[in-house]
Amino acid sequence: MTPAARLAAAAELLAAIGAAATPAEQHVGSYFRNRRYAGSKDRRWVTEFVYRALRRQGELDAVSLAAGLEVSPRSHCLLSLILFEDVAVEALAAGWFGGAHGLDDLTPEEAAALEKAAEIDLESLPLAARCNFPDWLARKLLDQYGARAAEIMAAYGERAPVTLRVNALKGSRSDIRYFLANEGIDVTPTTLSPDGLILDARLNLSRHPLLENGRIELQDEAAQVASRLAGAAPGMTVVDYCAGGGGKSLAMAAGMAHTGKIHAFDTEERRMRDITGRARRAGVSLIEPLVIHGDDRDAELLAPLVGAADRVFVDAPCSGSGTWRRQPDMKWKLTEARLAELAELQADILRRAAPLVAPGGRLIYATCSILAAENEDQIRAFLLSHPAFTLIPVSTIWEAVGLDGRWDSDFFALTPADYGTDGFFTAVLERAEG
């Protein structure tokens, strides 16, 4: 592909991503599956260009408006070259247009606006634009995190690391580190999780033998910690109420020594399709996946588990704000109305999951969110309406569940600015005996 064709492809992809509710990765994947002529270098260039534009959309929007350009995928592409790659407007006009698959030529008005844009100091932009967050979200984070908000938002400009969870049923972290080192793959042990390894360089391990034989799983460190906080032990009855692809079920199973049962529930059959195969690879036989409705139709189905589960893990549907380094487009698709809908859904899920907890058992609530409305606010509201439950401070169980380092707070709450993990929240609640 010529430079002009690459740029046009990026603009086309940005337009498709912006027009849809689904994550960017789905569009990038399908785009290149339908364009087999694009070589690996072309795919890499376009993909990295698109994701940078998504990560820096706040700056691109603000500069477009300040320079008198239409806020559009075309403008974002042109400004990305000028602002982030120091391409002069004259060089842009000469080398990035033309051919059957290129963008339409620059107009004189666009050229003049781009010259103006090149002079704008990005550090002079308002905080929300400079940190590449929508205004309403930036205000929420400022209210919640105060002086730390700018640091937290800035952390989303970095790429998330590739983190592995070592399956303790099939080996130790030191074993896996040794095997990877022999292949020239350098890793760093995670700080909090005793099971995690972070790749020092970005590699695609999707076909790696260690993954295919279940010795490792791709899982962010924060999710590994949350799974440990459940304290799932041999012989327990565990419910993974929003199991998705089963990552946390597998992590909890690793500490159960092949005894007990994990009931993995989810409302989306599509998300659960991989659980059985992943469990088989991991050497886990105690996970029982089941599709539920998530409403009153589940009453008969769940009746045998009412008051019977030692652990109920609720990884609730959420904004995904903790994962926006991986999905930078999604923060621009979240609305205040959608956040309110999610908060209602989370409260409903907690209400439905709570009766399954046995006396003396624990309810673990988790989200991959950094927003209080989905986290602390949910737990406070739940405790007010469910007096049989009390909060177990995470600090008091940290060492007992085998986590590294120390934790001094009641909740496990991380942002990408803390340990480089995804943003994540976990609360542990205990039901009273009798």
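Modeller: Arg 56 is partly exposed, at 28% relative accessible area (buried is under 20%, exposed over 50%, partly exposed in between, with a 1.4 Å probe and protein chains only). This is a predicted model, where local features need pLDDT of at least 70, side-chain atom pairs need pLDDT 80 or more, and totals for chains, interfaces and linings take in all residues. Numbering starts from 1 along each chain as its sequence is written, and side-chain values use heavy atoms, without hydrogens or water.

Where is Arg 56 placed? It lies in the loop between H3 and helix H4 (57-67) (helices are DSSP runs of H or I with at least four residues, strands are E runs of at least two, both numbered from the N terminus). Its side chain makes a polar contact with the side chain of Glu 59, at 2.8 Å (N or O atoms within 3.5 Å; within protein, one able to donate a hydrogen and the other to accept it, with sequence-adjacent residues counting only if both atoms are side-chain atoms). Leaving aside residues up to four places away in sequence, Arg 56 touches Phe 84, Leu 122 and Asn 132 (contact is heavy atoms within 4.5 Å). The C-alpha atom of Arg 56 is 8.4 Å from that of Arg 130, a residue 74 places away along the chain.

Phe 84 leads on to the helix pair. Helix H3 (residues 40-55) and helix H5 (residues 73-84) have axes that come within 10 Å and cross at roughly 85° (axes are lines fitted to C-alpha atoms, for helices over the stretch in contact, with angles from 0 to 180 degrees between N-to-C directions). From H3, Phe 49, Arg 52 and Ala 53 take part in the contact. From H5, Cys 77, Ser 80, Leu 81 and Phe 84 meet them.

Asp 86 counts as exposed, at 70% relative accessibility. Its phi is near 55°, a positive value in a residue other than glycine. Most residues other than glycine have a negative phi. His 258 also has a positive phi, of about 65°, and is not a glycine. His 258 lies in the loop between helix H14 (247-253) and strand S6 (261-266). At 47% relative accessibility, His 258 is partly exposed.

Now the strands. An open sheet of four strands runs S2-S3-S1-S4, with antiparallel pairing (strands pair if DSSP finds at least two bridges between them). Strands S2 (187-189) and S4 (216-218) stand at the edges, each with a single partner strand, so one side of each has no neighbour in the sheet. From one strand to the next, the twist averages 35°. Strand S1 (residues 163-166) pairs with strand S3 (residues 196-199) in the antiparallel sense over three bridges. There Arg 165 stands opposite Gly 196 of S3.

Strand S9 (residues 357-367) is largely enclosed by the rest of the structure, because nine of its 11 residues are buried. Six bridges join S9 to strand S8 (residues 309-315), and the two run parallel. Val 314 stands opposite Tyr 365 in S9. S9 also pairs with strand S12 (residues 424-431), in the antiparallel sense, over six bridges. Leu 363 has Leu 429 of S12 as its bridge partner.
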